[in-house]
Amino acid sequence: MRHLLSAADLGRDDALAVLDTAERMESAIAGREVKKLPTLRGRTVVNLFFEDSTRTRTSFELAAKRLSADVVTFSAKGSSVSKGESLKDTALTLEAMGSDAVVVRHSMSGAPHRLAGWVRGSVVNAGDGTHEHPTQALLDAYTMRRRLGRVDGLRVTIVGDVLHSRVARSNVLLLATLGAEVTLVAPPTLLPVGVEAWPAAVSYDLDASLPKADAVMMLRVQRERMGDSYFPSAREYSRRYGLDRRRLALLPDDAIVMHAGPMNRGMEIAAEVADDPRRSTIVEQVSNGVSVRMAVLYLLLGGPSPRDPSLLGAPSPRDPALLGGGAGTVPRRRRA
Amino acid sequence: MTRALLDAANVARVVDRMAHQLLEKTGGGRDTVLLGIQTRGVPLPRALAARVRAFEDVDLPVGTLDVTLHRDDLRLRGVRPLAETEEPPGGVDGKLVVLVDDVLYSGRTVRAALDALRDLGRPRAVQLAVLVDRGHRELPIRADYVGKNLPTSHAETVRVLVSEVDGRDAVLLEPAPTGSARAGQARSGAAGGAR
């Protein structure tokens with residue numbers, strides 16, 4: 001495996017290998033004074049964030065640092081991107097500086113795929129538009145396995161803004177690969193076209209699907225991606241699709257409540273549900289994220305690198321045909 | 001052509017001798033713990049501990065150590081699945097830790113093990129026990145307990161079979177798989193512990 005662009009890139013064995021490796025990573029670090037392993041010493045990981053992020057960016061940064069890689073974090077604000085540099089030129093710059101992996105978040109779906117064609121190192125998708133967020137799906141599966149002992153055969157209900165959610169898309173793909181049964185619950189306006197082709201059942205009735213769920217995953221209502229109104233009011237949304245104390249009681253006794261964050265408390269999830277110490281795994285998901293990302297970086301970067309010239313007979317740097325057209329972000333007028 | 005260097009009876013005798021030497025050199029196993037290097041070095045310390053118990057009624061704590069994340073040859077030979085590191089009961093701080101592996105070859109695994117051990121704690125001293133020392137060291141490392149010294153060539157691999165995993169105890173000498181006979185890189189953890 002060279003890149004991690006989509007949860008669909010992972011077969012069952014690959015996905016389980018990531019989860020097993022994450023478990024080892026966690027125990028290799030747990031309880032240690034110096035949380036550092038020498039494994040990726042000398043490797044360079046570039047975090048390329050064109051979109052705001054707190055937990056994913058810091059999580060990747062921490063994961064790379066714990067494995068002793070050199071990390072450069074680069075956000076669109078404060079970089080040449082705000083001067084109108086295209087994704088491609090940014091990629092070629094990073095390539096010239098010798099990065100072994102690029103962790104990319106971008107508001108355009110498919111940006112990591114394009115990037116993967118331009119750089120020699122590995123590309124990890126840290127969320128692209130409304131498309132995918134594979135490491136989030138991996139850490140969610142890891143959290144379910146830690147809490148519930150398995151993923152195979154679990155019934156997982158994913159609730160809310162499926163339309164704009166890369167978390168939902170990656171989770172549906174990965175959970176299907178791992179043998180879980182997924183039910184999507186959302187207002188019809190927040191379901192994507194073609195959802196019936198996804199490996200998941202669809203329902204509009206949250207109350208009916210809760211009693212048989214082993215895990216319920218609440219999605220954030222992504223106001224920033226909503227141009228039009230998808231539902232009448234926040235209050236109405238919360239009444240029909242929010243997880244409150246009454247609905248929490250409908251869940252089986254050992255079921256868990258997940259949220260990838262950031263949360264709109266009071267909207268898709270009530271504060272008291274989010275803070276429920278027994279059922280809510282929201283904080284756990286964050287700490288599990290570091291172990292899972294360590295595993296991904298180890299599996300992608302630990303072995304021979306396409307940059308090691310001794311191992312590959314003089315690799316051609318890039319496809320020259322690609323050097324002409326600049327895709328990615330539309331170059332804007334130079335401001336500074 | 002595969003040649004058996006030690007059969008089950010030989011292996012049993014060798015382990016008996018190593019257990020006696022261990023008791024002798026550690027003052028009857030005082031504050032001593034055994035740490036098997038994953039994955040092929042794991043059954044041997046259990047066998048040693050069992051013999052020590054039979055001879056002197058001393059219980060040596062046994063643990064396992066995965067050195068993968070500390071290896072310096074991942075870049076050459078690719079990533080491998082990680083195995084479990086299990087701290088021996090009572091930990092390693094202030095103890096005499098005996099690292100145990102099946103075959104000593106380049107010494108790189110032992111170097112990685114010394115680094116990995118530092119993450120577990122600070123032992124009083126560290127010793128090394130191996131069932132087979134096949135020579136060709138690339139680092140200044142020497143074993144304290146050696147089951148058998150076997151002069152070998154890089155074109156051969158040494159395979160240690162253990163009854164827990166392979167159904168019988170034996171040490172075999174085999175021709176190296178073609179293509180992997182490059183100097184110093186002929187060991188293969190993935191290929192069933194052939195070294």
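Reader: What is the mean pLDDT of chain A?
Author: The mean pLDDT of chain A is 88, and 89% of its residues reach 70 or more; pLDDT is the predictor's confidence in each residue, from 0 to 100. This is a predicted model, in which local features need pLDDT of at least 70 and side-chain atom pairs count only at pLDDT 80 or more, while totals for chains, interfaces and linings use all residues. Residues are numbered from 1 along each chain as its sequence is written, with chains lettered from A and ligands numbered from 1 in the order in which they are written.

Reader: Where in chain A is the pLDDT below 50?
Author: The pLDDT is below 50 over residues 310-336 of chain A. Beyond near neighbours in sequence, this stretch has 32 contacts in the model, a contact being two residues whose C-beta atoms, placed from the backbone, lie within 7 Å.

Reader: And how many helices and strands does chain A have?
Author: Chain A has eleven helices and nine strands. These are DSSP runs numbered from the N terminus, helices being H or I with at least four residues and strands E with at least two.

Reader: Which way do β1 and β2 of chain A run, parallel or antiparallel?
Author: Strand β1 (residues 44-49) and strand β2 (residues 70-75) of chain A run parallel and are joined by six bridges; two strands pair if DSSP finds at least two bridges between them. A:Phe49 has A:Ser75 in β2(A) as its bridge partner.

Reader: What does the chain pass through from β1(A) to β2(A)?
Author: The chain passes through helix α2 (residues 55-66) of chain A, in a right-handed β-α-β crossover. Right-handed means that, with the strands pointing away from the viewer, the path from the first strand over the helix to the second runs clockwise.

Reader: Turning to the contact between the chains, how many residues does each supply?
Author: Chain A gives 17 residues and chain B gives twelve residues. On the side of chain A that touches chain B, the largest share, six residues, comes from α1(A).

Reader: Now B:Val14: is it buried, partly exposed or exposed?
Author: B:Val14 is partly exposed, because 18 other C-beta atoms lie within 10 Å. A residue is buried at 20 or more such atoms within 10 Å of its own C-beta, exposed at 12 or fewer, and partly exposed in between, with C-beta atoms placed from the backbone.

Reader: Where is it, and what does it touch?
Author: B:Val14 is in helix α1 (residues 8-25) of chain B. Leaving aside neighbours within four places in sequence, B:Val14 is in contact with B:Leu6, B:Leu131, B:Gly147 and B:Lys148.
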